[in-house]
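Me: Please take a close look at one part of this model and describe how it is built and what it meets. I would like one connected account, with each term given its cut-offs once.

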Amino acid sequence: MSDPVKPVIAMFGVDKEIEGPLARSLNACEIIRKPVDLDTLMAELTPVPNIIIVQKTGTEINDQELAQTLRMVYQEQVVYFLTKDKPTYNRKNLRKNGFTDAYLIPLEIHELAKDLEISVSIASKGGLKVFRPVKIIDLKPNDTLDFETSVYFPVNKKYIKVGAAGDTINEELVIKIANKHQNSLYVPLDQMKRFYEYSAEKLMELNDDAGMSETERQERLTTAIRELLTGMYRSDVTSFEEGQALMNDCKEIVKKLVLHSGSNNWAERVYQLIDDKENGYSHAGAVSTLAALFGMGLGIGKPDELALAGLLHDIGTAELPVEIQALPPEKLTPQQFDIYKTHPELSIKLIKERKINVSDMVAKTIVQHHEYFNGQGYPKGLYGDRIIKEAQVLAIADRFHYLTKVEEGKPVLSPKDALQKMIQAQAERPDAIHYNPEFLRKLLVLFSPQNEEKSGPDIAKAG
Amino acid sequence: MTNAEARILLIDDMPTIRKLVKMQLEKAGAKHISEAADGHQAWEKLSEPGAYFDVIISDWMMPNCTGIDLLRRVRSSEKYKDIPFIMVTAEAEKCSVVEAKQAGCTDYVTKPFDVPMLLARIIKLLDSKAA
């Protein structure tokens, strides 16, 4: 193995305030900061950068010209493009013109952070260690693994190596991790190929050529959602044909990725969606999957409609002012929060403008996903069963994913704990009944031990 | 012929790309480079009294008069039909190699490309023709 090196990142016109989520990568690199002007872009920099990040400024250089220019100067390098200008953000074209990838900021800052870490890790030849999650369910007990495995401890933000390449899976350890409600082990980025080879072999043994591991399903789902949603941001997508193509993409994603599963065990499928360490588009994927599963569990709605509503429920946040997108909802001022509260309606508005022909049911599910059971939600303040049942389910899925994802400094909540927490919060404060209490109780019953053994509701046909 | 002697007509609607290609050509030793922003301007340059070019390097996608329009016009003219013509395109643009070849372009490159190497190839071609 070669020695680690310190990669060089050249940043042209990149806003200082967006650098926060990129800190881990930036700290491992030498940074050259330059303004975006043509002479600087074309000048030879020393040291020669490995990675280039350029942010769109005014209109003096068009995106295509910028892409082609940088690609002519930096033929081998990773070149990332950032823009705040949603109406002209055409990720597909930007990539075709020469950028390695393009990001709408601040909305896609977490996608950039993830991709940048990977690029820096590769350029640094191991100087920056990056781990990818692998679902434990994809690893068969007693198999010998030819890749390293680690456990992530969110409480003290550390990865601890638990298995070297060549070790068998330590079952005791797996139980220990499961007791902490974690369903992932972490594999170094440069060894992920070996995991994929391993899982392909497993699928071949099962004669499941069309199948995929849960790890791969979740990764592909996140990637597909990004492709889908970035195709919807551009304001010039207004034709009937384009809308139909987008609708077909949605249906493909729902069929092949959201509802796909190697398992018919309901509780196990829900369990695979907790312990999510990513930020960004993985939320839409998880909520889509959870909404479909919760709907099946409760006998509410159609899985494909709930899944579709889950995919698109938050797309309206892309229409919010940039300064509101940049902050989590709890950090907004009351005035900003009032604007934030329009996002369910913005989602529907955007879907209609793009001529995506969703059913009335899906449209209502999306627009009502922040209505609260007690009538204190938004946008309309509907209460009880005036909120359609599908939207009640989507609201629970949304909250559930938020509660069960990995948050640094906190242990991971199990599905049962998360539901109990929601039930308890509502019992303590009857004025804060946000979610249908009966649905929460029913879902909790589905996680009780006797039901887990019976593998929950019969969903064999639903996938 | 050397790079320094070659008379080059460089056509691209994007000033940056023109500047960049020109810089690279100059680095490779080229001294006589004329620029144009589209096919019409290029034709004007070609038709200027006393003008003479050894090679035309043109972008395909340009407003007003595209690279392929220019190529066809050049190839159908008695005076300029033998000038080597290099067509440049970006990957994102819907251009066809077949169409360019049929219209008579000498070489075809996709951005990003190595201009000096391309120029060297053209000059070798010109020398072999002259010999």
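Reply: Helices (H or I, at least four residues) and strands (E, at least two) are DSSP runs, numbered from the N terminus. The model is a predicted one, in which local features need pLDDT of at least 70 and side-chain atom pairs count only at pLDDT 80 or more, while totals for chains, interfaces and linings use all residues. Residues are numbered from 1 along each chain as its sequence is written, chains are lettered from A and ligands numbered from 1 in the order in which they are written, and side-chain values use heavy atoms, with hydrogens and water left out.

I take the sheet of chain B as the part to look at. Five strands form this open sheet, in the order S2-S1-S3-S4-S5 and with parallel pairing, where two strands pair if DSSP finds at least two bridges between them. At its edges are strand S2 (32–36) and strand S5 (107–110) of chain B, each of which pairs on one side only. Direction ignored, neighbouring strands of the sheet are turned against each other by 20 degrees on average; axes here are lines fitted to C-alpha atoms, for helices over the stretch in contact, and angles run from 0 to 180 degrees between N-to-C directions.

Within the sheet, strand S1 (residues 7–11) and strand S3 (residues 55–59) of chain B run parallel and are joined by four bridges. In this pairing, B:Leu10 of chain B stands opposite B:Ile57 in S3(B). Helix H3 (residues 67–75) of chain B packs on the sheet, where it touches S1, S3 and strand S4 (85–89) of chain B, and its direction makes about 170 degrees with that of S4(B); contact means heavy atoms within 4.5 Å. Helix H1 (residues 15–27) of chain B lies across S1, S2 and S3 of chain B and runs at about 170 degrees to S2(B).

In contact with 15 residues of chain A are 17 residues of chain B. The size of an interface is often given as the accessible area lost when the parts come together. Between chain B and chain A, the buried area is about 1400 Å², of which carbon and sulfur atoms give 63%; buried area is the accessible area (1.4 Å probe) that two parts lose on being put together, summed over both. On the side of chain B, the residues that lose the most area to chain A are B:Thr16, B:Leu20 and B:Pro112, which together make up 37% of what that side buries.

Two salt bridges are counted between chain B and chain A, a salt bridge being a side-chain nitrogen of Lys or Arg within 4 Å of a carboxyl oxygen of Asp or Glu. In a salt bridge of 3.0 Å, N to O, the side chain of B:Lys27 meets that of A:Glu44. Three residue pairs, both residues at pLDDT 80 or more, are in polar contact between chain B and chain A; such a contact is a pair of N or O atoms within 3.5 Å, where within protein one must be able to donate a hydrogen and the other to accept it, and residues adjacent in sequence count only if both atoms are side-chain atoms. The side of chain B that touches chain A has 10 nonpolar, two polar and five charged residues, where Ala, Val, Leu, Ile, Met, Phe, Trp, Tyr, Cys and Pro count as nonpolar, Asp, Glu, Lys and Arg as charged, and the others, Gly among them, as polar.

For context, here is the sheet of chain A. Five strands of chain A also form an open sheet, in the order S2-S1-S3-S4-S5 and with parallel pairing. Its edge strands, each pairing on one side only, are strand S2 (30–34) and strand S5 (101–104) of chain A.

Chain A also has cis peptide bonds, including one from A:Tyr378 to A:Pro379 with omega near 5 degrees. A:Pro379 lies in the loop between helix H16 (360–367) and helix H17 (389–404) of chain A.
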